[in-house]
Amino acid sequence: MIVRWVLTIGGLLGLAAASALTIEKIAVLKDPGHVPSCSIDPILSCGSVMRTAQAEGFGFPNPLLGIAGFAVVTTVGVVLLAGAVLPRWFWLGLQGGVTLGVVFVHWLIYQSLYVIGALCPYCMVVWVVTIPVFWYTTLHVTRWPLLVKYHGVFLTLWFVVIGLAVLQAFWSYWIS
Amino acid sequence: MNTKISLAILAVVALVVGAILFFNRSDADPQALASQGGKVTVVEYLDLECPACGAAFPGVEKLRSEYGDKVDFQLRHFPLPMHRNAEQAAVAVEAAGSKRDEMFHLMYSNQQNWAGKQTSQRETFLGYARSLGLDIAAFEKAMDDPATLSKVSAQRTEGASLGVNSTPTFFVNGTRFEGAPTYAALKKSIDSALAK
């Protein structure tokens, strides 16, 4: 059951990224001149992304949602690895949570590429883990045969589309 | 099965992107920016909304007034995507025609009034044009002319092909200037280029 590992590892990576973003956010609040560790050049810059209104989608810093959400995802993954069998209503609840997460992440991707015009490396870690967490939870809950059979292909296509969108959005800066 | 198809997809995408890159590669040589006709050339790629560019500007202005006869100063646009109004500001500068230098000056000396805003600063820029005594109708027409924007975009593309990835980036006689672009550091670099 691949979903157990995806939830555990994806949850841990997401938790690490959300924690790093929270720590950087606090550092910026303490010292507005602080340059976050993930500000590499004008495009790869979490400093400029963290200061935008979109970084506080619900009126407080987004990484706080990440810390709560990814801690739950990790815990569920570990519980499954421990051999627990969870009832369907529990899976439906998880499905609801990861669906909200994946929708929010795509809104953030859109904002990052087309409105803010910069990429924040830690945020991109969150993009990359949220998609498989959603995908394998959905496959486990729905069990659509075609999707289950080609699970890796659909996931690859999903990443390819986002990768190409990133390339296209920053094409003139990276191509030289 | 999944791995095979996924790898095939990735291979195809890599091939296509690689081919696009290959056929669009630029062989721009910064030496093309070097002096012509005995003068030393200083090319600056700048973003009007970037604070570091605003900080460097007074030094550049001073050098321009001191070395105007021996050094050819060229200010070129490299508006960065996260600066909401940088591109429009660059367009406004190019739309100012004979008052281009004055517009540069106004943009930087008033930078704190318009930089970092998430709303269009077109009205602010129109105000600058008015204060320079430009014909507003002609100025607006030039701002909305796609040719003005393509002029800015062409400079940015050229900058990217020369390896510019941050602003401000200076080239003194085709050699990329490294370090903080202070008045003294730029002066030293220009002097050594003049001495050659």
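## Two helices side by side

Let's start in chain B, where helix α3 (residues 86-95) and helix α4 (residues 100-109) pack at an angle of about 150°, their axes 7 Å apart. Axes here are lines fitted to C-alpha atoms, for helices over the stretch in contact, and angles run from 0 to 180 degrees between N-to-C directions. That makes α3(B) roughly antiparallel to α4(B), a label for angles over 145 degrees.

Who touches whom? On the α3(B) side we find Ala89(B), Ala92(B), Val93(B) and Glu94(B), and they meet Arg100(B), Met103(B), Phe104(B) and Met107(B) of α4(B). Contact means heavy atoms within 4.5 Å. The residues of this contact divide into six nonpolar, no polar and two charged. Ala, Val, Leu, Ile, Met, Phe, Trp, Tyr, Cys and Pro count as nonpolar, Asp, Glu, Lys and Arg as charged, and the others, Gly among them, as polar.

## About the model

This is a predicted model, where local features need pLDDT of at least 70 and side-chain atom pairs count only at pLDDT 80 or more, while totals for chains, interfaces and linings use all residues. Residues are numbered from 1 along each chain as its sequence is written, chains are lettered from A and ligands numbered from 1 in the order in which they are written, and side-chain values use heavy atoms, with hydrogens and water left out.

## Chain B as a whole

Chain B has nine helices and four strands. Both come from DSSP runs numbered from the N terminus: helices are H or I with at least four residues, strands are E with at least two. The C-alpha trace of chain B spans about 70 × 45 × 30 Å along its principal axes.

## A salt bridge in chain A

Over all chains, the structure holds ten salt bridges, each a side-chain nitrogen of Lys or Arg within 4 Å of a carboxyl oxygen of Asp or Glu. One pairs Lys25(A) with Glu56(A), whose closest N and O atoms are 3.5 Å apart. Lys25(A) sits in helix α1 of chain A and Glu56(A) in the loop between α2 (46-50) and α3 (62-81) of chain A, so the pair ties together parts that are 31 residues apart in sequence.

Most residues other than glycine have a negative phi, and most peptide bonds are trans. Arg143(A) isn't a glycine, yet has a positive phi of about 55°. In chain B, the peptide bond from Thr167(B) to Pro168(B) is cis, with omega near -5°.

Notes: Parallel < 35°, antiparallel > 145°, perpendicular 65-115°, else oblique.
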